[in-house]
Each structure stands twice: as C-alpha cells, then as structure tokens.
Protein chains: 2
Amino acid sequence: MKSAVQTKDTREAILDATDMLLARYGYKKMTIDDLAQEVGIGKGSVYLHFPSKEEIALSQIDRIIERLKSKLRTISNGSAAPDKRLREMLIERVMFRFDSVNHYSQSLNEMLSYLRPKLLQRRKRYFDEEARIFSEVIADGQKTKAFVAGDPFDLAQTLVTATNALLPYSLSAFELGDRKDVAERTKKTADLLINGLKK
Amino acid sequence: MKSAVQTKDTREAILDATDMLLARYGYKKMTIDDLAQEVGIGKGSVYLHFPSKEEIALSQIDRIIERLKSKLRTISNGSAAPDKRLREMLIERVMFRFDSVNHYSQSLNEMLSYLRPKLLQRRKRYFDEEARIFSEVIADGQKTKAFVAGDPFDLAQTLVTATNALLPYSLSAFELGDRKDVAERTKKTADLLINGLKK
DNA sequence: CCAATGACCCAAATGGTCTTATGGTCATAA
DNA sequence: TTATGACCATAAGACCATTTGGGTCATTGG
C-alpha cells in the first residue's frame, strides 16, 4: 500500500488509509502527512481530492453510509415479502454500522467532539436517505393491504427513529455492548415495529 | 435561598443548587464553594451528604429519574386501558427528561465527558427500572389478551430501546430539536410500538 | 502545459515553568 | 457532636518559547 498507487483510485486509497488511521490514532492525532505516506503520494496531492482534513474524515463516514444504502437497496429490490425485507433492512442498518466502526474503539466519540455540528447535519441527511429507501418497501406493503395506511416516508422515519439508539454514535460499538446482544435487541425491536405496521 | 436552610432538607437543597449551577456553569466550572454558598452552608458540610463532587452531579441525575419513575408509576396504576397507559408512559419517559434537562443547554455533553463510565452504568440501571414499571402494564394487557404473548420485561425493554434515541443524552435537548417535534416523533413511535404489541 | 511534490508559512498545539484554584480533609469552635 | 472554613496537595490555568501540522504554492518532471 505504500507503493505508488496504480491499481486503485487515489481518492478511494485516501479513504482506505483514513479508515485505518482513524481507528489507530483517532481524528486529532491522524495527520495529513501520515495519510499521504500511507497512500504513497505527496502531501499536497491529498488536497487535490479533499478540501480539508475535516472533509476527509466526513467523507469516510459518508462512504460507509453509501455502502450501507447500497445494501439496503439490494434488499429493498429483493423478491421477499415486504415485511421480511423491512426486517432485514432494519437489522442491516444497525449491524452494518456496528461492523463498520467496530475497529474505531474509543475514537468515535473523539471524532464527534471535533466534528459535531457537521456530523449532526450529515446524520440527519443519512437518516432521511435511509428512510426513503425504507418507504419504498412500506409503500409496497401498503399496495397489498399488508401494512397500515399512512405516509410511507413518515412511517419509515419512525422505523429509523426507533432503531437509532442501537447505532454506534456517541456510544462506541464497545459501549453499545456485545455484537450478539446488539443484534438480538435489534431483531426484537424490528419485530415489534413491523408487527405494528401490519395492523 | 442564600439564607441558612431551615425549611428544607439540606440534601435536597444541595441538589436544587446543583441543578441550577450545572445549567449555568456546567460540571467542570461548578465549584463546591459556589454550591455551599448557594445553599447557605459551609463547604465542608456538603461532604456530610455526598462523598464527592462527582457523586453530587450523579445524584442530581438520579433524582430526575426517581421523579420520572414516580410519574410512570402513577400512570401505570391508573385505570385507563393498558395500551393507553403505555402510550402515556412512553411519552412521559421522553418528555419528562427533555423538560428536566432542557435548561442544561450545552452542558449535558460536557457532563458526559467527565462522568462517562458512571453515567453509562446508571443509564443502564435507569432503563432496567423503567422497563420494570412498563412490564407491569404489559402483563396487565396480556391478561386480557389485548397484547401479544411473551416475557413482559423483555417486551418492555424493547419499548425502552425503541424510544431511547429520543432521549437527551449526548445530544442535548437543543440538538434533539424543537420540543414539539420531539413530542411528535415520540407519539408516532409509541403508536407504532403499541400497535405491534396488540397483534 | 499540467499534475505531483515537498518546502514553506503561520496559526495552533505542545511542553516547561510558575501561579492559582479547587476538591477534599480536619482542627477548632460553638 | 456537628458545622465550619483554614489548610493541603494536586490539578488546572496562565505565560512563554518551541514545535507541529493543515493548508498553500513555487518548482520540477513527465
């Protein structure tokens, strides 16, 4: 990875290195110099791809969510019954995040202390975008009268809110508890919520 | 309030003063001297009631939760139908906290940074205790076949988890959003959850 | 000519030193 | 016996010099 990048897009390489260095050093301690060296480029070249250190870290978080959304869309577009799809999506939204930041250990809260306002904004955006994907499945379920009536997006936002406490955010993955336990709590919450949609 | 305390229990007076000073100065800036003066006692007398500064702040948080639990019990023991009681309790658990710490503005997260491990522990305990009160109402609803079968405490914990993201914790009341908005989101979440219990 | 580079700039961070403040203790007085 | 505030030790803050690191840009090589 320290050799000049030839087989991989530089922007992605920077984000990969960011992922690793955030986990190792946290936001504050991670330097652009370290990053450049890790990628095998000059320090100034980093700024050809990202306007600031802050934006690099935020873009890494964005990337995690983009990957999640892609997974949610795959499930959403599947052929299972809408309630089964919803359940799988709720679980995925929690567990994918958990696994994506699990190696960040204590550094998640540290990042929050530096990037709080912008992270909060993005967080709101992420939830909106996720809810949009969820709402499509809800609308599906409503067409066949399997789900209650109501604005699909509104209902989706409720699903999102109800599972938000299970996400690693200010609580690190470590603080959230054992992975198995988080998964279990997520399933139970999802089941109750979907059951509520069915009436 | 600066006069010697005669008509009010000293411990309560200390906690009242803590509530006010936490809101004004935050945890770090609040001094035991300020506290003692606010109550009208000597600085050393504070330590007759609390072992440490840390414990004073934690006890104030405990007190908020005790008041909440009292309110939850009142609702729980009411004569309304179980689903109506549950709904009211879920809303109360969110809004009572919101209102109790709303005047803390930015200082909630500051407190968290100093008291994190102990706050997390207590937080777990609070949730357990709340879930116990909820489980009684769930058991009530199960007796009349109005609610689904299952361990009442387990189901109650799910209700608690599903509304946890709405509580002010690392997100201040300010960051959680407009009070009206929080209440609205809480109601929608409660409705969906209770609907899920009814099947 | 254009993109990559690393030297440069400057504000922020850090480390060292001294001073002050504060949590907690305890001798004293009521 | 209990309340008090002076005392103590350590932590925190202020100050200053030095170093560091985010961001910029003049230079070079392809």
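Of the atoms of DNA strand C within 4 Å of the protein, what share belongs to sugar or phosphate? That share is 62%, and the rest belong to bases. Welcome to this predicted model, in which local features need pLDDT of at least 70 and side-chain atom pairs count only at pLDDT 80 or more, while totals for chains, interfaces and linings use all residues. Residues are numbered from 1 along each chain as its sequence is written, chains are lettered from A and ligands numbered from 1 in the order in which they are written, and side-chain values use heavy atoms, with hydrogens and water left out.

**Around DNA strand C**

- There are 14 residues around DNA strand C, and Gly42(A), Ser45(A), Leu48(A), Lys43(B) and Lys53(B) come nearest; a residue is near a strand if one of its heavy atoms lies within 4 Å of it.
- Helix α3 (residues 43–46) of chain A gives the largest share of this surface, three residues; helices are DSSP runs of H or I with at least four residues, numbered from the N terminus.
- Sorted by class, the surface near DNA strand C has five nonpolar, five polar and four charged residues. Here Ala, Val, Leu, Ile, Met, Phe, Trp, Tyr, Cys and Pro count as nonpolar, Asp, Glu, Lys and Arg as charged, and the others, Gly among them, as polar.

**Reaching the phosphates**

- Gly42(A) has a backbone N or O atom 2.8 Å from a phosphate oxygen of DNA strand C.
- For Ser45(A), a polar side-chain atom lies 2.8 Å from a phosphate oxygen of DNA strand C.
- In the side chain of Lys28(A), an N or O atom is 3.4 Å from a phosphate oxygen of DNA strand C.

**Aromatic pairs**

- Over all chains the count comes to two aromatic pairs, where rings of Phe, Tyr and Trp (its six-membered ring) pair if their centres lie within 6.5 Å, and planes under 30 degrees apart count as stacked, over 60 as edge-to-face and the rest as tilted.
- Tyr27(A) and Tyr114(A) form a tilted pair, 5.8 Å centre to centre with 40 degrees between the planes.
- This pair links distant parts of the chain, 87 residues apart: Tyr27(A) is in helix α1 (residues 10–29) of chain A and Tyr114(A) in helix α6 (residues 107–143) of chain A.
- Tyr27(A) is buried, at 9% relative accessible area, whereas Tyr114(A) is partly exposed, at 38%; buried means under 20%, exposed over 50% and partly exposed in between (1.4 Å probe, protein chains only).
- In chain B, the rings of Tyr27(B) and Tyr114(B) have centres 5.7 Å apart and planes at 40 degrees, so this pair is tilted.

Definitions and conventions: Polar contact = N/O pair within 3.5 Å; in protein donor to acceptor, adjacent residues only side chain to side chain. Helix = DSSP H or I, 4+ residues; strand = E, 2+ residues; numbered from the N terminus.
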